[in-house]
Structures are given as structure tokens and as C-alpha cells.
Amino acid sequence: MTTKNDLPIDDNGAPHQTTEEGYDTLTTQHGVAVSDDQNHLKAGERGPMLMDDFHFREKIFHFDHERIPERVVHARGFAAHGFFECLEDLSDLTRAAVFKKGEKTPTFTRFSTVAGNKGSPDVARDVRGFATKFYTKEGNWDLVGNNIPVFFIQDAIKFPDLIHAAKPAPDRGFPQAQTAHDNFWDFISLSPESMNMVMWIMSDRTIPRSFRFMEGFGVHTFRLINAEGKSTFVKFHWKPKQGLQSVVWNEALKINGADPDFHRRDLWDAIQTGDYPEWELGLQVFDEEFAEKFDFDVLDATKIIPEEEVPVRIVGRLVLDKVVDNFFAETEQVAFCTNNVVPGIGFSNDPLLQGRNFSYLDTQVKRLGGPNFTHIPINAPQCPMRNFQQDGHMAMHNPKGRANYEPNSWGTEEGGPREDPANGYRHYPEEVSGQKVATRSETFADHYSQARQFYLSQTDIEQTHIANALTFELSKCQEMRVRKRMLSHLRNIHEDLAEAVADGLGLELPEPAKAARETKTDLKVSDALSIIKNGPKNFKGRKLGILVADGSDAGTVKALQDAMEEAGALTVVVAPKVGGAKLSDGSHIEAGEKIDGGPSILYDAVALVLSEEGANTLADLPPARDFVTDAMAHGKFIGLTEGAEPLLKVAGVMGKLDDGCFRLDDGGMDGFLEALPKLRKWDRDA
Ligand code: HDD
């Protein structure tokens, strides 16, 4: 080993910072250059370790402390930087700078699953978190929402129970990242307030195709407050420009094995290829008068306000255009707090929101180790931050000078900051009165009407998916009383649904559950609640898997690649060998995936561009047969060439080809490309 004890001193007096080979010099945390990072210091070549080895001790000590507690919920997440651009002047509603027309505010958005731990698969059936930190000129505003506009419970005091019931059972430590177990459905079936949410979580909303193709919701009613102090109620909506899309359950199960990082990889790839995902921010604004006459309580987080009743007004856009530099520093350490609001935005009395405002700040102290988590760059505001809060673990910036209190008489130069009654945050001076009571308002008591409305607003296929999901989940419950109790609730939502699930479980229908309040049957269907009715208009941002082998037609492959490029979609070439294949014109094509690693579940549509020789080679490979049977079973549009026949035969789909399958070499190319934006041929019973 070369030792570098004689580091030359450079011009400004600091030791040379590069090695002889030109690398930056490795140093200890204290800046001391390291001479040997391969062996620890010992007494003799084969002797015991010496305590003198401060580099070894520091390195191992740091490693031992690398982990921090994972989030108690939403542990698995993925985040990206971006910006929010306000497209409308909202000064009549709010004084917030973030809502000045043309204002661009830097953002950081973290998506997450709720129940699974940090290492759980991305496509678990679960609610997705959709949390955005806006680094506004007036401080940080955190909109900590989900991809579902309602929640399981009405009062924050039930949150620990809900999460305990959903997470692995305390005695056995499983099941992981799933709700298909007795504890979850036991709690849910004993909490009728969760029935609207149950409809949402049993729909395909909880198995999104990607973070990019899902909506986000602030859930609660918040307040906007204008410069005159006038308050208007608001609900926040994120609408993906890319349209809504989910996978089907059987796909989800398989994706979790094939690529547990499916969602994070998707977001990373989209941003890295410059296809920046975008959402519109929509507001539902309404006043006290509307709140008074609305069928439900606007403070009840288990209810929506249908878009048909209060339209969503689009006011801005969120663009995610930069991946993180370091996952831990940013994605892991970002600390969202619902209590982070800015002047012009305020809280309502939603009892869930009120409780959250305590929980988030509290949890960050546990997770990040102390009160100075706001000093971590990802959490620090990007506007001036001055106060007299000081000291504590990891304090990065304490108040300078002599004054660390106010009032003081040290003057404006040395005396530090002061409150600003004219511009500082003012809480909305809502009048409140009443007795101190621990009680649930009667206005929260209708638990079934909106669940029924959600169910009725779905297309047939979506209704079937809800019934199938409930059947699956309840069939994983071993307790008959849990299954039956759930069926008794379903009867209050819709008889057809209850019957379908009872039939799927092989059970008799029990008596309907006793409802706290009668179910309204006359709520209007809301198209906004369906995924299929809000799908994409084009194939942009989607992925086509092209299966090739030796002899595949070069012209067809090229035509598909060109068409996808023009559509803003990606193609992935899948071949028997990752080295690629030799095409019909003698050219060589690189493969993105070897067939074993590129199952059709990873793509939105597939093309089998095969020569007979190639199809025969693939027919011998089980993953190639699965590629085809899965694509058929999942309702994918399939482009194919005549040569693909031998593979189709062994995959057992030859006689089942339908009008979702297009002969690319026989005039079907245009039809295939036109079908793609529909994403699936639903009547194939996917
Ligand atoms: Fe929560 C994290 C969303 C109810 C307590 N929550 C967390 C995250 C999201 C949500 C997106 C992850 C933030 C991130 O990416 O770091 N939570 C919601 C929504 C709710 C909700 C939309 C209902 C409308 N949450 C809720 C309640 C409580 C909490 C009622 C407690 C009383 N949530 C937490 C928490 C977490 C959290 C324990 C865990 C990690 C964190 O806060 O930072 O404080």
C-alpha cells in the first residue's frame, strides 16, 4: 500500500484533496485523510485490533446508527421534487402567496403505501399517500393527503386502533402489507363509519398502475382566508393529467413478485426520461350556507362532496421534474406535518384533522431524533426563518448574538426578530361555544348512503372487481363472525353486492346490520368516482412490451417503436436472451429484458413480433407461455404476427383470440394503435 502521510500543502494552506490517481481523498468525519480503508489496525499482521484505530471505530459506529425508526404508517414511500404553478388569481379567496397567479413554488412530493413496512412490495392493495410540501415564500405548507378522498374513521382517537388492526397481528408478526386478515376486518366490521372507505379500498383505486395515474385528495375540509379575513371552505383535489389507471388484482399479485419496486421504478424512469408527471390542483370551494344544507357534515372525513354538487375548479398544476440526489436525506427524512399551513390557509374542526395536527409533529421528533428536524435541508423553509428556538439535538443554526429572548432592548441590529401583527399568520377567528363533551355528532351518523353511491357510480366491471376483492379479503378471514358481520353491512350498501360476496364465500346472507341512520337511496351517481370513466385519452407515458426472437420482422418492430415514440410511450424489447436477437433483415436488436425478467404484467400492452422459428424457441420456455396467457387473462391488447402461432398454441390461447388481438402483419397495426389508449379489453373478463 502506498501511504500518503506526506500530503503536500496546496496554495490556501489546506492539504491536497486528491489522491495520486486523481480521486477525491477519503477522510474521516473530522476531515482527516484516510490511508487504509481495507484493513483495520492490529498488533502484528495476525494480531488483535488496536483501540487506536479511530477510523475503524468511527466507520463502524456510524454504520451501526444508519437506521432511524421507519414511519409508523406510510413507511414505504418514494418522492420527487417539482413545482406548483398557480394558474388563476385566487386573491378573492385566499391571501396565500402560493395562490397568486403565475407564482411558481418549489415542491417535494412523497407517495407511499400505508400498512406495509419499508421493504414491502409497491403494489400491495392499500391506500396510497400523496403528500406535498410547498416551499412557499411565506413558509412551508404541507398538504398531506391520500389517493382516496375519504377515510376509515371520523375521530383521530381511533387511528391507533385502525392501524394496529391493519398491521401484522401482534402475536405472530404477519400478515405483512395487506388487509386480508381477521384483525383488519374485525375492526372494520365493528366500525360502520368505515363503510364508504371500504368501497374505495376494495375498488381498483388501491392497486394503481403507477403513482402517476392516480388522483390525490386533501380529504378534510380546510379553510381559505383572504386579506379581509373572509373564510371559505375548501377541499383539495389532485387530478393526474395522465388519466386514471389501475392494474387488475391478479396482475398486482404477480407484479409484486416480478418487480416489488414497480411504482418507484416507474416514477424514477418517467422523470429521468423527461416525461414529467403532472397533476392539476382543483378546489371545491363552498360556504357555510352550502355546508348547512348539504346532506352530510362537511367536517366528516368519511364523506365526499360529489363533484357534480360542487364542481372542482382547476387552479394550478404540479409538475414532478427532479428525482432526489439521496433517498435517505430527502425521501426518508422529509417530515410532513398537517399543522404546517401558511397565511391564507386554515383548518376546519374536522375531528380527524384536529387530531392529525398533534400527531405529525410528535412523530417527527421520535423518527428524526429531536426538535431540530426542521434544520434538515429537505424540511427547512426556503424563505427566511428566524426565531429564538435554540439548542437541542443536532442544532444546525442557533440564534446569533447576545439576544435569545424577546422582548429585549438590543435594537434592530442585535435584538433579533419580532412578531408582525400585520403580516403574520392569523387563525380564523371562528366563534365556538358548547360544552366539553367526548361525543360523536349526530350529523356523522349516515354510514351507508355514500358507500352505496360509490358502488352505483362504478361500471359493471368495476362493481365486479369490488365484489371479487371483498370475497378475496373475507375468504382470508378465518372467523365466521367477521365474514358474516361484513356481509350484514354490505346488505345496507347494495343487495347485489352482498349477494355476490356471499355467493363467492359460499355463505347464506345474514340479517342486515342495524344502521345508526337509514340509508338514502336517492344519491345521484357520480361519474367522477369511476376509474374507467376517467381513463387516459392517449397512450402517453405507458409501456409496450415487444416480444422478439431470432427472425422477428424488423419492419414491424421498427414501426411499433416509431409509433410509440410518437405517442410519448416507452417500448421494452423482451427476448429469450438479454443480449438480444437477430431480426429478419439481419440486424441485431438489443433486449431490455430477458423473457424471465420481463413478464407481460409489467407492460400496458404487448406485441408478439415473432417468426415461426422464434415462436418455436419461445414455446419451450414457461415464462414465454405465461407472457401470452397472462396478457390474455389481464385483458391486454395484443399485437401479433402470423409467426407467433406456435407460441399461442402451447399457451392455450390460439382459439381464444378476439378483437382485442390485432394481426400487425396483416393490416392490424392501425387498429392496434387506436385500441391502446383504452388500455384493456374489459369484456375479456379481466
Ligand atoms: Fe396520517 C403519515 C395521510 C390520518 C398520523 N399520513 C401520513 C402520510 C400520509 C398520511 C400521506 C405520509 C407522509 C409522508 O410521506 O411522510 N393520514 C393521512 C390522511 C389521513 C391520515 C390522508 C386522513 C385523512 N394520520 C391520520 C391520523 C393520524 C395520522 C388520523 C393520527 C391521529 N400519519 C400519521 C403519523 C404519520 C402519518 C403517525 C406517520 C409518519 C408521519 O406521520 O410522518 O403521524
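Me: What do the values rest on?
Reply: In this predicted model local features need pLDDT of at least 70 and side-chain atom pairs count only at pLDDT 80 or more, while totals for chains, interfaces and linings use all residues. Residues are numbered from 1 along each chain, and side-chain values use heavy atoms, with hydrogens and water left out.

Me: At what angle do helices α12 and α14 cross?
Reply: Helices (H or I, at least four residues) and strands (E, at least two) are DSSP runs numbered from the N terminus. Axes are lines fitted to C-alpha atoms, for helices over the stretch in contact, with angles from 0 to 180 degrees between N-to-C directions. The axes of α12 (residues 460-475) and α14 (residues 495-505) come within 9 Å and cross at roughly 45°.

Me: Which residues of α12 and α14 meet?
Reply: Contact means heavy atoms within 4.5 Å. I466, A467, L470, T471, L474 and S475 of α12 meet L497, A500, V501, G504 and L505 of α14.

Me: In what order do the strands of the open sheet lie?
Reply: Strands of a sheet pair through backbone hydrogen bonds, either parallel or antiparallel. Two strands pair here if DSSP finds at least two bridges between them. The six strands run β15-β12-β11-β16-β17-β18, with parallel pairing. β15 (593-594) and β18 (661-663) are at the edges with a single partner strand each, so one side of each has no neighbour in the sheet. Three bridges join β16 (residues 605-608) to β17 (residues 638-640), and A607 stands opposite G639 in β17.

Me: Which protein donor does the iron atom of the ligand have?
Reply: Donors are N, O and S atoms within 2.8 Å of the metal (3.2 Å for Na, K and Ca); water is not among the atoms, so sites may look incomplete. The single protein donor is Y360 (OH), 1.8 Å from the iron; Y360 lies in helix α9 (residues 351-368).
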